[in-house]
Amino acid sequence: MSQIHELTGLELAAAVRKGEASPSEVVEHTLERAERLDPSIGAFVTLTPDLAREQAAEAELLLGRARSGDELPPFLGVPCPVKDLAMVAGVPFRSGSAALGDFVAPADDGVVTLLRQAGTLMVGKTNTPEFGLPPYTEPDIAPPARTPWDLSRSAGGSSGGSAAAVAAGIAPVAHGSDGGGSIRIPASACGLVGLKPTRGRVSPGPYRPEGAGLATNGVLTRDVRDTAALLDVLSHHWPGDLHVLAPPRTTFLDACEREPGPLRIGLLTTPVISAGAPVDDACLGAAVRTARLLEDLGHRVEPAAVPFEAERWDSFESIWSVLALSAPIPPEHEPLLLPLTRWLREKGRSVSGIEFASALGLIQTTTREAAATWAAYDVILSPTLAQLPAPVGSQRDDADPAGDFARQMAFTPWTSVWNLTGWPAISLPLEWAYGDRGILPVGVMLGGMHGAEETLLSLAAQLEAARPWRDRRPSTW
């Protein structure tokens, strides 16, 4: 058997079922790597060795009963850390902010419940920026999260800690969430697969409301099949869900085994939300070369138009600032917030009720415009990011939060389009570029229409087979 950390989540689950590795061995191996590697990559804010060992013991009891014919959970014995924007009962919950103090979560969020039921081992909480607001992970309460490919560069955000943990070979999979690109951005920076599901595919329930519907939970993984299998785990509906989608034909994992058939694909290389934003040649070239590969695979690729004027994105900014304001921070703790968060909250205070309602309506209008513009396509192809992974400290600017936010938009001119529409999008590590310290991953993004995860996963699996990335690993391995 390969070493534990070299296996994907599904492979590790199979090894556990076969008795090639015990859950306790997996936990100790994972914790050892976390303790050794994390000081250099900033993946974790809290390790939970006691909880992980307790869950490993429970998994071993399940394995013992399985010999009597019991069915086993699909990810039994597989480590899956949880981003510190989700609650894990009994574990500190800080959301990247000093303003939350030493709050301990009273219950598991719904996605954590589902991950537990799937048999995963909760080895720790992963690093995130304050309330998950920027696309870099540099909170005041923890070291910055760095891409294992170049420790001078950011792992991205806001699921940067999760991405760093998976890319460094600490865990095979990790929980993440995406409100403007926060799964796909670190997937690109760390050479991983990152899917933002369709709005409503993964419920925020049972404790959290849908709100504006920009954000959703998901995972970061090293291969497409792990992403698909974990989507099968997480696509569960709770009573009272506002958005409910039809299930897949069979399973999302099955979609990876099906040929996608010839698709019509629109190539979008013009920045959308930040008109005129500079695009690195490596990022642009990655999308163009992927378009050629898709043509070689039998798909039809043609240029796609920008679906709406960049100014339409102002509706996202208004809602984003109100969401920042909605974080339950006592007035006396406001000074503990970062300048960017305080700036966004102040903008949120200036948004009137009618302006907020209009922004929600404009998002719906913009979604209709995007649907009309892209009606001829099955998939939209673009770079994930406009630039290579950013040097740590180059994006956060406490002295100029407005400039910080403008740079965020220029860095991510495509990702939040899919949060506005609520449609699914996936970043794949199909390309690589040379930086000052070796190769860097370059993500390519595929976006689909409402509920089109099966199409995206089938196409992603086809691309993974045609241009595999598994053997590319950072030096931390």
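User: How do the residues of the lining of the second largest pocket divide into nonpolar, polar and charged?

Analyst: This is a predicted model. The second largest pocket holds about 310 Å³ of space and is lined by 17 residues. Arg-199, Ala-212, His-243, Gln-364 and Thr-421 lie nearest its centre. By class, the lining divides into 8 nonpolar, 8 polar and 1 charged.

User: Which helix gives the largest share of the lining of the second largest pocket?

Analyst: Helix H12 (353-373) and helix H14 each supply at least two residues of that lining. The largest share is 4 residues, and the helix that provides it is H12.

User: Which residues are the closest to the centre of the largest pocket?

Analyst: About 1200 Å³ of space lies in the largest pocket. Its lining has 20 nonpolar, 19 polar and 7 charged residues. Of the 46 lining residues, the closest to the centre are Leu-85, Arg-208, Pro-209, Ala-215 and Leu-323.

User: What is the orientation of helix H11 relative to helix H13?

Analyst: The axes of H11 (residues 339-349) and H13 (residues 401-411) come within 9 Å and cross at roughly 90 degrees. Angles of 65 to 115 degrees count as roughly perpendicular. Therefore H11 is, relative to H13, roughly perpendicular.

User: Which residues of H13 make the contact with H11?

Analyst: From H11, the contact uses Pro-339, Leu-340, Trp-343 and Leu-344. The contact residues of the two helices divide into 7 nonpolar, 1 polar and 1 charged. On the H13 side they are Pro-401, Ala-402, Asp-404, Phe-405 and Gln-408.

How values were computed. Residues are numbered from 1 along each chain as its sequence is written. This is a predicted model: local features need pLDDT of at least 70, side-chain atom pairs count only at pLDDT 80 or more; totals for chains, interfaces and linings use all residues. Side-chain values use heavy atoms; hydrogens and water are left out. Axes are lines fitted to C-alpha atoms, for helices over the stretch in contact, and angles run from 0 to 180 degrees between N-to-C directions. Angles under 35 degrees count as roughly parallel, over 145 as roughly antiparallel, 65 to 115 as roughly perpendicular and the rest as oblique. Contact means heavy atoms within 4.5 Å. Ala, Val, Leu, Ile, Met, Phe, Trp, Tyr, Cys and Pro count as nonpolar, Asp, Glu, Lys and Arg as charged, and the others, Gly among them, as polar. On a 1 Å grid over the protein atoms alone, a cavity is a set of points where a 1.4 Å probe fits but cannot get out, and a pocket is an open set with protein on both sides within 12 Å along at least five of seven lines; lining residues have an atom within 4 Å of a point. Grid points are joined across faces, edges and corners, and a volume is the space filled by probe spheres set on the points.
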